[in-house]
Amino acid sequence: MRAVSKVAPMRPPTSDEQIAAMRAHVRENATDRPGVYRMIASDGEVVYVGKSKRVRTRLLSYFRCAFPEDKGARIVRDAERIEWEYTPSEFAALLEELRLIKRFRPRFNVAMKRDARNYCFIKITKGAAPKLVVVRGPGQDDSSIYYGPFMGAMGVSEAVRELNDVLGLRDCSADQRMNFADQPELFEFFPRTPGCIRFEVKKCLGPCVGGCTVQQYDERLTLARAFLDGTDDGPIEQLRSEMEAASERLEYERAATLRDKFKRLEALRGQFARLRFAVETLSFVYTVPGDEGADRIYLIRRGRVRGELPVPQTPSDATALFHLIEDVFSPNEPLSGQIPTHEIDELLLLSSWFRRFPSELERTSAAGTVVPLAAAS
Ligand code: SF4
């Protein structure tokens, strides 16, 4: 999740009387249970969404900010009322907070900034001649394709640069005009020489100067995607054969350069394999004890919650759970390094949760170990 930047509307600050009324409302009505809350402005804008293990204590802390410039004080001065709902557990509150932030995109929310810093993704941009970009997370309303997450943005950036060079993919700015070879009419207006060293040294196919057709560029991009998916070692094999050929021709300098590239790509492949494994480890049935007995079961596959329901109380509940588990953990889903954009934040959230509370893993069990009667007992 990233900081959401919205222009602050011109609203008068909430009066001291209204702030006192909000505080009294919390004092009288809120209890110390897990839950989520929304700070809402006079025009209905949700300015902040939060969660807490103890909603009452957390909400009252907003009224004790020492300085007017404190974030909590600024939120309260922007809000006219506070709404909250209780959840069965802190984990449920965390998931609900994420959903509410996605829905309302409140101005003051910068949730999960810290977790996002730990990871990066490889994004395939849209438009003519897509390119690979290393990013921290999805942009707003972005339907691009993402692979990851990865640890270590610098190493991943270097490896992506190598992959671009090997495949001849572009890495120039987003607004660079493309002129494919099958668009000859454009050359009446644009020069054939880009003034770009990557084209001259054959590290880019040159889609900006008719160096390739749309199809030729797409083929290289498909290769890159297959490589990022872990389904094709084509780029590595291509380098290996080029390296061996250069060595046979006694072109040792070129062979050494190719060997270095080869190593970088192997490292990237290794990185992918490790991270794919990391995501796969977040696949299990997670039972979370709930407030006042509202225990819930979460079906987590590849770092995303694919299903949730109360802990079964009857044999028919247990059978329903069993069938849901069968659906969610169906072996038909192909393994892929690709992550749907809308699932990235949830994957980061779950990974952060189990990293912060590793003992929670003791509440998990492999999907195959849950059977109807066991679940009902
Ligand atoms: S050759 Fe053209 S498309 Fe390729 S990187 Fe350079 S400017 Fe971009």
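Begin by selecting V285, which stands opposite S365 in β11. Strands here are DSSP runs of E with at least two residues, and helices are runs of H or I with at least four, both numbered from the N terminus. The model is predicted: local features need pLDDT of at least 70, side-chain atom pairs count only at pLDDT 80 or more, and totals for chains, interfaces and linings use all residues. Residue numbers start from 1 along each chain as its sequence is written.

Two strands count as paired if DSSP finds at least two bridges between them. Next, display β7 (residues 284–288) with β8 (residues 296–301); five bridges link this antiparallel pair. Within the pairing, T287 stands opposite I297 of β8.

**The three-stranded sheet**

Now move to the open sheet of three strands, ordered β2-β1-β3 with antiparallel pairing. Its edge strands are β2 (46–52) and β3 (81–86), each pairing on one side only. From one strand to the next, the twist averages 15°; axes are lines fitted to C-alpha atoms, for helices over the stretch in contact, and angles run from 0 to 180 degrees between N-to-C directions. Select β1 (residues 35–40) to see its antiparallel pairing with β2 over six bridges. There, K51 in β2 is the bridge partner of V36.

Residues are in contact if their C-beta atoms, placed from the backbone, lie within 7 Å.

**Helices α4 and α12**

Keep α4 and select α12 (residues 341–356): the two axes come within 11 Å and cross at roughly 155°. The helices are therefore roughly antiparallel to each other, a label for angles over 145 degrees. At the contact, F91, L94 and L98 of α4 meet D345, E346, L349 and W353 of α12. These contact residues divide into five nonpolar, no polar and two charged. Ala, Val, Leu, Ile, Met, Phe, Trp, Tyr, Cys and Pro count as nonpolar, Asp, Glu, Lys and Arg as charged, and the others, Gly among them, as polar.

**The ligand**

Finally, centre the view on the ligand, which twelve residues surround. The closest are C172, C196, F199, C204 and C208. By class, this shell has seven nonpolar, two polar and three charged residues.

Key:
Near = placed C-beta within 6 Å. Parallel < 35°, antiparallel > 145°, perpendicular 65-115°, else oblique. Contact = placed C-beta atoms within 7 Å.
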